[in-house]
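This briefing covers the core of one protein model and the packing of its helices. The points are grouped by topic.

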Amino acid sequence: MKDMVQFGNRIRQLRKMNNYSLRELGERSGVSYSFINSIENNRFSPSRETVIALADTLSIAEKDELLLLAGFAPTEEESLDGLSGDGLDEVDDPDVSLFFKDFKNAPKERRDEMLRFWNFIKEQQQSRTPDSEQ
């Protein structure tokens, strides 16, 4: 879900928590300080690469939080954890195993689309109350 106001506020909050000035965050991340200022003030939307550079510099474990706020799918490395090598052989259901193999071999755009859909499903599931009907 894209929420640039919340994204800009979160970047500012993380920058201040790390005691970085705009210039210092810019130097460390490789993103110009004026662009970071524009992001924090909701004037511009960053690219996926910019979000990742800022998240890496701000040393937050939840890079995906920032990516989702900015409207991007989670990082590929984290999304594919456990899908490499022999881990696929440990899946009991052959259909599920085939799905993961197809997912792993799909083009990046298709994986991003599937991840957005999966996150939508998870959000819907989390928003349900225990006694609500499906």
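**Core and helix packing**

In this predicted model, the largest nonpolar core has 19 residues. Those with the most contacts inside this core are Phe7, Ile11, Leu54, Leu58 and Leu66. Two or more residues each come from α1 (4-17), α3 (33-40), α4 (48-57) and α5 (63-69).

**Contacts of Leu58**

- Leu58, listed among the core residues with the most contacts, touches Ile11, Leu14, Arg15, Asn18, Tyr20 and Leu25, leaving aside residues up to four places away in sequence.

**Helix α4 and what follows**

- Of the 10 residues of α4, 7 are buried, so this helix is largely enclosed by the rest of the structure.
- The buried residues of α4 are Arg48, Thr50, Val51, Ala53, Leu54, Ala55 and Thr57.

**Packing of α2 against α4**

- Two packed helices are described by the angle between their axes and the distance between the axes.
- The axes of α2 (residues 22-29) and α4 come within 9 Å and cross at roughly 105 degrees.
- Angles of 65 to 115 degrees count as roughly perpendicular, and α2 and α4 are therefore roughly perpendicular to each other.
- On the α2 side the contact involves Leu25, Arg28 and Ser29, which meet Ala53, Leu54 and Thr57 of α4.
- By type, the residues of this contact between α2 and α4 are 3 nonpolar, 2 polar and 1 charged.
- Leu25 of α2 takes part in this contact and is also touched by Leu58.

Note on methods. Residues numbered from 1 in each chain as written. Predicted model: local features only at pLDDT ≥ 70, side-chain atom pairs only at ≥ 80, totals over all residues. Heavy atoms only, no water. Core = buried A, V, L, I, M, F, W, Y, C linked by side-chain atoms within 4.5 Å. Buried < 20%, exposed > 50% of the residue type's maximum accessible area, 1.4 Å probe, protein only. Helix = DSSP H or I, 4+ residues; strand = E, 2+ residues; numbered from the N terminus. Contact = heavy atoms within 4.5 Å. Axes fitted to C-alpha atoms, helices over the stretch in contact; angles between N-to-C directions. Parallel < 35°, antiparallel > 145°, perpendicular 65-115°, else oblique. Nonpolar A, V, L, I, M, F, W, Y, C, P; charged D, E, K, R; others polar.
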